[in-house]
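Please look through the sequence and the model before reading the points.

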Amino acid sequence: MVYAVPAVLLGLWEVCSRLAIVSPRYFPPPTQVAWVLVDRFADGDLGANTLVTVTRLAAAFALAAVPAVPLGLLMGIARPVREVVEPYIAFIFPVPKITLLPFLLIILGVGEAAFVLTAATSAFFQIVISTLAGVQTMDPRLLEVGRNYGAHGPRLFWKIILPAALPAIFTGLRLGLGLALVALVAVEFIAAKSGLGHLVYRHWQMLSTPEMYAAFALVGALGLGLTRGLRALQARLLAWQEDVGRL
Amino acid sequence: MTAPGRWVAEHWIAVGSPLVSLIAWEWASASGVLREAFFPRPSTMFVHLVQLSADGTLWAHTARSLVRIGWAFALAAVFGVGIGLAMGLWRRLRDGLDPVFAVIYPIPSVLFLPLVSFLVPPGEIALIVTTAVTSFFLVAFTTTHGVRQIDRLVVEAAVHYGARGPRLFASVLLPGALPFIFTGLRLGLGFALIVVVAVEIVSASTGLGALLWLSWQILKVEDMYATFFVIALLGAVLSYGLSALRAWLLPWVQDVAEP
């Protein structure tokens, strides 16, 4: 029942395209796209380029998450650190991260490092901000209880602050991964010579539309899979908490 | 002490840290610690910023980007709020469209450019429609959610007192969903800026994104920084300015997704 509307839409597209009501050159029938997807995934360029995008995404995510979580936590517990770092974050966070690409391209040269770093910065700021918010919005009563029972210093941090901030950190990681994918695909579309974003661009330029839609669908599936998967993981790992940033 | 004076006294680190960085950058570029070809001195950048805005280049490109953002935002707002309200009110529509939206939403909007350019005349219109895509989904999502989170009791009470049709809509449903709609609009406007820059990089010869990309291609590094500065400023105004506007217009509600 849930899939009735998508199925009807796809069916309509199929019929319109087959009967040439819409131009099959620009809007090839979905079955043809599906055939390309099946046919070209294993031995064609679709599978290989998906792997390229996933590898870049993993690298970007790791590069962002590893420094961002500790920085966010440190900003949350040490006010001087927050005061020093916050202006930069407030300045860069609303900037479209794709604008960093040309700077990274001249500094690092045209290549993987620049592509991956652009995607990483996109995730980095989101993760820092969510982590910081997690520490700042924790229930002060938790801190008081911890202190009253004699926890301070590292113990207070590991037993009270970190667990309290965990749901927000996880939300930050999930949002960050989504943002990294968006930035990465845009970077591939604009500047790279491989990856799913580049495939969409190349097949658009060559007007090989079935391949273009196939790559497009793979990006959608990747995005949907990551979002859904991480949400399920979050629900399972942090079962006692409601998601803090559902929107 | 005056209000601004007190603010500076409380936040002297936050004010001082960027200043120190700028001075350090100036010194590092001037003394060759940083390569001036890649990291020009802040003072040189400032001179370029002034030059670019004095000869009108910067203004022209900024105006083009702003017009595109404005049209895209208007499209996203009208269709997003309309469809969002409809999805919030009618369950069948929501059940039908939810899976479609869930698949399309995570796709980066710049990828829609090829598709949109098949559908509408390429050029300016395709740029604007592509820019509107992601913002539309954001506005529609938050509006739907805003209608759905309205307390059933409130709606029932209104119905019992005889409110129905347009009246129920205008005096209960719309105000109830307003905070969410506003958050959606704010996020949508932010996204419109992000996407317009990306789309201009790919396929425009005017606008801030195009200026940035062009400056890169001919390695006018100072112009790149100047353009970047304007884009960053625009981002800050759009995101913090709208937050302030919400606090002023809807003071009784918390922003539902404070950044």
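Predicted model: local features only at pLDDT ≥ 70, side-chain atom pairs only at ≥ 80, totals over all residues.

Residues are numbered from 1 along each chain as its sequence is written, while chains are lettered from A and ligands numbered from 1 in the order in which they are written.

**Confidence**

- The term pLDDT is the predictor's confidence in each residue, from 0 to 100.
- Chain A has an average pLDDT of 87, and 96% of its residues score at least 70.
- Residues 243-247 of chain A stay under 50, and the model has 11 contacts for them beyond four places in sequence.

**Where the chains meet**

- Two residues are in contact if their C-beta atoms, placed from the backbone, lie within 7 Å.
- By that rule, 44 residues of chain A are in contact with 44 residues of chain B.
- Six helices of chain A each supply at least two residues of the side that touches chain B: α1 (4-18), α4 (79-92), α5 (100-108), α8 (154-190), α9 (196-205) and α10 (209-237).
- Helices (H or I, at least four residues) and strands (E, at least two) are DSSP runs, numbered from the N terminus.
- On this side of chain A, α10(A) gives the most, with 7 residues.
- By class, the side of chain A that touches chain B has 35 nonpolar, 7 polar and 2 charged residues.
- Ala, Val, Leu, Ile, Met, Phe, Trp, Tyr, Cys and Pro count as nonpolar, Asp, Glu, Lys and Arg as charged, and the others, Gly among them, as polar.

**The nonpolar core**

- A nonpolar core is a set of buried Ala, Val, Leu, Ile, Met, Phe, Trp, Tyr and Cys residues joined through C-beta atoms within 7 Å.
- A residue is buried if 20 or more other C-beta atoms lie within 10 Å of its own, exposed if 12 or fewer, and partly exposed in between.
- The largest nonpolar core has 133 residues, of which A:Ala119, A:Ala123, A:Ala180 and A:Val187 touch the most other members.
- Beyond four places in sequence, the contacts of A:Ala119 include A:Arg56, A:Leu57 and A:Ala180.

**Helix pairs**

- Axes are lines fitted to C-alpha atoms, for helices over the stretch in contact, and angles run from 0 to 180 degrees between N-to-C directions.
- Angles under 35 degrees count as roughly parallel, over 145 as roughly antiparallel, 65 to 115 as roughly perpendicular and the rest as oblique.
- The axes of α5(A) and α10(B) are 9 Å apart, at an angle of about 10°, which means that the two helices are roughly parallel.
- In this pair, A:Pro102, A:Leu105 and A:Ile106 meet B:Leu212, B:Trp213 and B:Trp216.
- The contact of α5(A) with α10(B) has 6 nonpolar, no polar and no charged residues.
- Within chain B, the axes of α3 (residues 42-54) and α11 come within 9 Å and cross at roughly 75°, so α3(B) and α11(B) are roughly perpendicular.
- The contact of α3(B) with α11(B) has 6 nonpolar, 2 polar and 2 charged residues.

**Single residues**

- A:Ala20 is not a glycine, yet has a positive phi of about 60°.
- A:Ala20 is in the loop between α1 and α2 (30-43) of chain A, and counts as exposed because it has 9 C-beta neighbours inside 10 Å.
- B:Leu219 also has a positive phi, near 50°, and is in the loop between α10 (208-217) and α11 (221-249) of chain B.
- B:Leu219 is exposed, with 12 other C-beta atoms within 10 Å.
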